[in-house]
Amino acid sequence: MNDLFSAAADDDEQDDAPAAGSRAAGIGRPRSPLAVRMRPRSLDEVVGQQHLLGRGSPLRTLAGEHDPGAHAAPSSVILWGPPGTGKTTLAHVIARGQGRKFVELSAITAGVKDVRRVMDEALTSRDLYRQTTVLFLDEIHRFNKAQQDALLPGVENGWVVLIAATTENPSFSVVSPLLSRSLLQTLRPLDEADIRGLLERAVGDERGLAGTVQLSPDALEHLVRLAAGDARRGLTALEAAAGVARSEQDTHDAQDAYGTGPGAGSAGTDGEDDGEDDDEDEGSRQALPVLVTLAHAEKAVDVAALRYDRAGDQHYDVASAFIKSLRGSDVDAALHYVARMLEAGEDPRFIARRLMISASEDVGMADPTALQTAVAAAQAVQLVGMPEARIILAEAVVHIATAPKSNAAYNGINAAIADVRAGRGQGIPAHLRDAHYPGASQLGHGKGYVYSHDEPHGIALQQYAPDDLVGRDYYVPSDRGTERDISARLSRLRRIIRGK
């Protein structure tokens, strides 16, 4: 299988160079997809994941980049991350290392027999040829317990170095014995700068589009947003957009050639083309890169470009409208703005943070469970990721938007902070001060303190606030939702505590 991979890689490299004189860069025989052609050949070409690629890291060791001062053997690793972040790419880079045999299995199609066959062959390769087998297992979370257990002897005894890839949390999808024998490497979603650099490299690289196209700034930013941190998705969209642009240009050239284009009849003074400059004009047209515009990108992926700048006015305007819709209890408008942000490539974690703030500021104690929902949604979004995270966010939006509203807690803390900043409440009543350290009792600390649990209903008549803030009410509950009950209880509490 290593030979097959090497042969495929050689074919890709032979297809890398564009055909001379061809705008389509490769017309004449089928080519591999752009995402395959742009697959890095070394770890230095890998985009993103620099936190895993430091000097002497396990992945560099696996790739054969040994540190002369290091003595650690290559370790089996589990690569966990969202699609398009480089799991398969890293495995293929490692496959190029010398002195090793590379075998690739997919958990979707492989079974226990396939795993055992690989283990037997790996043991033979090690004992007879002193060759290490690197086994890349994609989608390991699809393996059941028995299938994963079949990997254990080979991993534990060093017959194979396992590289397993998964999009699901290995703590839940990989058996503990295998997890404990492997190093977990967590891949992060690529940021916009990573995707932008990758697309720009693909435009100019001989393995990619070889400078046959030029991306307009709007088209580049649209493709970056569409990629949503997925390198494969971004390269696929770029290739499709380039195809649309080339097709339109070829159509225009054909119209000009048959005299039906906008330049027809203008070559000679009498309306006839003398043909003297045909070869020169054709060569110039072929030498010029085709411009890929925003319209080409939209047509290629059938997604309209949204005017949304994550660092500009639209970001703040849409976020503001979203929060105000939640506060105003318009669940439909709130869902619209969430959809708008997600479709524009906004980080779902940003939306989750805004929901937690809204649950505290605008719902508050009118429905204390709203904050629980928002926090649970924020945690779930980080575990699940897009596109499923949209469902989790929608549930939190519906809860917060339809919940009774109260900003009493928000107003309460603001009023308390205002008093602190104004210099009020400097002293602390002596009976509330710490009385545990030596000499505290001599200062009167703790003297006269009443232990609440010893009093009826667990509430003591006692001063808690500083002298100049006695009787100051910061929290004024509303008459909505849960706060209706809190309001009546709070009145009784204050009467007992203050002795009124």
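Asp419 counts as buried, at 3% relative accessibility. In this predicted model, Asp419 forms a salt bridge with Arg472, with the closest N and O atoms 3.0 Å apart. The two residues come from distant parts of the chain, 53 residues apart: Asp419 is in helix α20 (residues 408-421), and Arg472 is in the loop between α20 and α21. Arg472 is partly exposed, with a relative accessible area of 37%.

**Overall build**

- The protein has 21 helices and seven strands.
- Of its 500 residues, 40% count as buried.
- Taking contacts between residues at least 6 apart in sequence, 73% join residues at least 24 apart.

**Salt bridges**

- Side chains of opposite charge can pair when their charged atoms come close.
- The count of salt bridges comes to 22.
- One of them joins the side chains of Glu45 and Arg207, at 3.1 Å from N to O.
- This pair also links distant parts of the chain, 162 residues apart, with Glu45 in the loop between α2 (34-37) and α3 (58-62) and Arg207 in the loop between α10 and β6.
- Glu45 is partly exposed, at a relative accessible area of 24%, whereas Arg207 counts as buried at 6% relative accessibility.
- Arg207 has a salt bridge to Asp205 as well, at 3.6 Å from N to O.
- Arg207 and Asp205 are both buried.

- Glu483 belongs to helix α21 (residues 483-498).
- Glu483 is buried but has no salt bridge, and Arg480, the nearest side chain of opposite charge, is 5.9 Å away.
- The side chain of Glu483 does make a polar contact of 2.4 Å with the side chain of Tyr475.
- Apart from neighbours within four places in sequence, Glu483 is in contact with Met365, Ala366, Ser406, Ala408, Tyr475, Pro477 and Ser478.

**Largest pocket**

- The largest pocket holds about 1500 Å³ of space.
- It is lined by 40 residues, of which Pro189, Ala228, Pro348, Gly385 and Met386 are the closest to its centre.
- Two or more lining residues come from each of α10 (192-204), α11 (217-227), α16 (331-343), α17 (348-363) and α18 (369-384).
- Helix α18 gives the most to the lining, with four residues.
- In α11, the buried residues are Ala219, Leu220, His222, Leu223, Val224, Leu226 and Ala227.

- Ala228, one of the residues closest to the pocket centre, comes just after α11 and takes a positive phi of about 50°.
- Met386, also among the residues closest to the pocket centre, is joined to Pro387 by a cis peptide bond with omega near 5°.
- Pro387 is in the loop between α18 and α19 (389-402).

- Ala210 has a positive phi of about 55°, although it is not a glycine.
- Ala210 is in the loop between α10 and β6 (213-215), and the loop between α10 and β6 also holds Arg207.
- Ala210 is buried, with a relative accessible area of 17%.
- Glu139 has a phi near 60°, a positive value in a residue other than glycine.
- Glu139 lies in the loop between β3 (132-138) and α6 (145-149).

Definitions and conventions:
Residues numbered from 1 in each chain as written. Predicted model: local features only at pLDDT ≥ 70, side-chain atom pairs only at ≥ 80, totals over all residues. Heavy atoms only, no water. Buried < 20%, exposed > 50% of the residue type's maximum accessible area, 1.4 Å probe, protein only. Lys, Arg positive; Asp, Glu negative; His and termini not counted. Salt bridge = Lys/Arg side-chain N within 4 Å of Asp/Glu carboxyl O. Polar contact = N/O pair within 3.5 Å; in protein donor to acceptor, adjacent residues only side chain to side chain. Contact = heavy atoms within 4.5 Å. 1 Å grid on protein atoms, 1.4 Å probe; cavity = no way out; pocket = protein on both sides within 12 Å on 5 of 7 lines; lining within 4 Å. Points joined across faces, edges and corners; volume = space filled by probe spheres on them.
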